[in-house]
Amino acid sequence: MIRVLLADDQPLVRAGLAMLLTNEPDIEVVAEADDGAQAVEISRRLRPDVVLMDVRMPGTDGLAATKLMADEQLIDDPERPVRIIMLTTYHVDEAVHAALRAGASGFVLKDAAPAELVSAIRAVAAGEAWLDPAVARRLLDDLAARPDPGLPTPVQMRGLTPREREVLVLMAYGMSNREIAEHLVLGDATVKTHVSRVLTKLGMRDRTHAVVAAYQCGLVEPGTAPPARMAGLSR
């Protein structure tokens with residue numbers, strides 16, 4: 001069961017999200033928070049699997065709350081990490097970049113289809129990245145115009161093995177571990193090991209940051225399709 005905390009200052013928004021998620025057999029809303037400070041306090045106690053965090057809230061906003069949770073290593077807890085999905089009405093602004101740097105694992109627009117939100121929760125709970133397509137496109141355009149100096153450089157990317165680069169490229173195209181395993185004809189455990197090594201070598205907290213780095217370094221071109229099946233190209 002995926003345990004979810006809803007953090008939004010609007011009661012009607014929280015009620016709508018709770019009603020939507022209650023219908024999912026594998027998702028449970030365990031608590032609600034009306035600001036970032038409360039979300040942090042509840043996360044300390046309950047350790048939800050996923051926090052749906054509104055970016056803009058009075059008092060402690062979603063960005064500040066995400067930074068606090070990163071500082072307290074709630075996000076990076078190896079035993080039970082708290083994953084954060086940011087909810088925003090804006091496609092891309094400085095808050096998106098800051099939240100990614102702070103440790104958010106995904107972004108979903110508030111007007112997204114319900115099925116997309118549910119998919120995002122499941123993906124992030126499983127350790128995947130999730131960027132709303134509209135957010136991703138704008139983010140990549142913004143990175144091209146204003147690179148993030150905190151991301152790995154092309155020189156650091158060259159420290160990856162050929163197989164690790166292949167895995168990173170497929171991650172950047174939004175593939176899950178299972179889809180990468182099928183594409184490369186590898187075992188799920190092997191892909192998981194490659195993903196872990198990619199994150200370690202690049203000094204990245206999670207897949208979201210590695211994916212953004214792959215685009216910024218030119219490993220993947222925006223608007224292109226995933227490469228043909230790669231099995232046997234490298235080991």
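**Salt bridges and a pocket**

A salt bridge here is a side-chain nitrogen of Lys or Arg within 4 Å of a carboxyl oxygen of Asp or Glu. Helices (H or I, at least four residues) and strands (E, at least two) are DSSP runs, numbered from the N terminus. Both Glu128 and Arg207 are buried, where buried means under 20% relative accessible area, exposed over 50% and partly exposed in between (1.4 Å probe, protein chains only).

A word on the model itself. It is predicted, so local features need pLDDT of at least 70 and side-chain atom pairs count only at pLDDT 80 or more, while totals for chains, interfaces and linings use all residues. Residues are numbered from 1 along each chain as its sequence is written, and side-chain values use heavy atoms, with hydrogens and water left out.

Asp8 lies in the loop between strand 1 (2-7) and helix 1 (11-22), and Lys110 in the loop between strand 5 (106-109) and helix 5 (114-125), so the pair ties together parts that are 102 residues apart in sequence. Asp8 is buried at 1% relative accessibility, whereas Lys110 is partly exposed at 32%. Asp54 comes in too: Asp8, Asp54 and Lys110 are linked in a network of salt bridges.

Helix 5 has a part in another pair. The side chains of Asp26 and Arg122 meet in a salt bridge (2.9 Å, N to O). With Asp26 in the loop between helix 1 and strand 2 (27-33) and Arg122 in helix 5, this pair ties together parts that are 96 residues apart in sequence. Asp26 is partly exposed at 26% relative accessibility, and Arg122 is partly exposed at 32%.

Finally, look at the second largest pocket, with a volume of about 450 Å³. Of the 18 residues that line this pocket, the closest to its centre are Arg83, Ala126, Gly127, Lys192 and Leu199. (On a 1 Å grid over the protein atoms alone, a pocket is an open set of points where a 1.4 Å probe fits, with protein on both sides within 12 Å along at least five of seven lines; lining residues have an atom within 4 Å of a point.) Helix 10 (residues 188-202) gives the most to the lining, with five residues.

Conventions:
Grid points are joined across faces, edges and corners, and a volume is the space filled by probe spheres set on the points.
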